[in-house]
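This briefing is intended to be read beside the sequence and the three-dimensional structure. Please keep both in view while working through the points.

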Amino acid sequence: MTLARFPVSDIELRGVVHDFYREVRAHPVLGPVFGAHVKDWPEHEEKIVAFWRNAILMERGYDGNPMAVHKAAGNVRAGMFIPWLKLFDEVLARRLPQETARAWSALAHRIGRGLSLGLQDYGGIPKLK
């Protein structure tokens, strides 16, 4: 019995991650942001493959904290998830069957919304009286 959210092969998963980061490196907004932090692209891609294997296939090979990493980066802004998700959706549509692309996109958008909300600056903790 599989616990996967939807079926995706290792080849498909790795292809999406590789193609996405190739596009990110060339992107005028996202490229410099990632380039400031990622020094070893193959290592970063392996970490992200593990992230997606965890999120999609329920495997436990990823132990990072994406929110903490994005907050600590210092140059990641909530609005950056708009072009990030657009690029990701384009890669999914090119690489995967429509149903798989749609399911993965929905998951990515949920994760992106959560990260985006976590990165928004609300001006500090409100003082309640």
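Is Val76 buried or exposed? Val76 counts as buried, because its relative accessibility is 14% and the limit for that class is under 20%. The model discussed here is a predicted one.

**Val76 and its surroundings**

- Val76 is located in the loop that connects α4 and α5.
- Setting aside neighbours within four places in sequence, Val76 makes contact with Val33, His70, Phe81 and Leu119.
- A separation of 30 Å lies between the C-alpha atoms of Val76 and Gln98, and these two residues are 22 residues apart along the chain.

**Two buried residues in helices**

- Ser116 belongs to helix α6.
- With a relative accessible area of 14%, Ser116 is buried.
- When residues up to four places away in sequence are not counted, Ser116 touches Ala78 and Phe81.
- Ser116 and Glu45 are 71 residues apart along the chain, and their C-alpha atoms are separated by 21 Å.
- Asn54 is part of helix α3.
- Asn54 counts as buried, since its relative accessibility is 17%.
- Apart from neighbours within four places in sequence, the contacts of Asn54 are Glu59, Arg60 and Tyr62.

**Met58, a residue with a positive phi**

- Met58 is not a glycine, yet its phi is positive, at about 65°.
- The position of Met58 is in the loop between α3 and α4, where α4 covers residues 66-73.
- Met58 is partly exposed, and its relative accessible area is 27%.
- In sequence, Met58 and Arg5 are 53 residues apart; in space, their C-alpha atoms are 7.8 Å apart.

**Salt bridges**

- Side chains of opposite charge can pair when their charged atoms come close.
- How many salt bridges does the structure hold? The number of salt bridges in the structure is 9.
- One of these salt bridges joins Glu46 to Arg14, with 2.5 Å between the closest N and O atoms.
- This pair links distant parts of the chain, 32 residues apart: Glu46 is in helix α3 (residues 41-57), and Arg14 is in helix α1 (residues 10-26).
- Both partners are partly exposed: Glu46 has a relative accessibility of 41%, and Arg14 has a relative accessible area of 32%.
- Which residues are linked with Arg14 and Glu46 in a network of salt bridges? Asp10, Arg53 and Glu59 are linked with Arg14 and Glu46 in that network.

**Salt bridges within a helix**

- Arg22 and Asp19 form a salt bridge in which the closest N and O atoms are 3.2 Å apart.
- Helix α1 contains both Arg22 and Asp19, and the two are 3 residues apart, about one turn of the helix.
- Arg22 counts as partly exposed at 40% relative accessibility, whereas Asp19 counts as buried at 8%.
- Glu90 and Lys86 also meet through their side chains in a salt bridge, at 2.6 Å from N to O.
- Helix α5 (residues 81-95) holds both Glu90 and Lys86, which are 4 residues apart, about one turn of the helix.
- Glu90 is partly exposed, with a relative accessible area of 30%, whereas Lys86 counts as exposed at 53% relative accessibility.

**A patch of positive charge**

- Where do Arg5, Arg60, Arg110 and Arg113 gather? These residues come together on the surface in a patch of positive charge.
- One of them, Arg113, is found in helix α6, which covers residues 98-119.
- Arg113 has a relative accessible area of 49% and is therefore partly exposed.

Conventions
Residues are numbered from 1 along each chain as its sequence is written. This is a predicted model: local features need pLDDT of at least 70, side-chain atom pairs count only at pLDDT 80 or more; totals for chains, interfaces and linings use all residues. Side-chain values use heavy atoms; hydrogens and water are left out. Patches are made of residues with over 30% relative accessible area and no salt bridge: like charges are joined within 9 Å, nonpolar side chains (Val, Leu, Ile, Met, Phe, Trp, Tyr) within 5 Å. Accessible areas come from the Shrake-Rupley method with a 1.4 Å probe; for residues, only the protein chains shown count as cover. A salt bridge is a side-chain nitrogen of Lys or Arg within 4 Å of a carboxyl oxygen of Asp or Glu. Lys and Arg count as positive and Asp and Glu as negative; His and the chain ends are not counted. The place of a charge is taken as NZ of Lys, CZ of Arg, CG of Asp or CD of Glu. Buried means under 20% relative accessible area, exposed over 50%, partly exposed in between (1.4 Å probe, protein chains only). Contact means heavy atoms within 4.5 Å.
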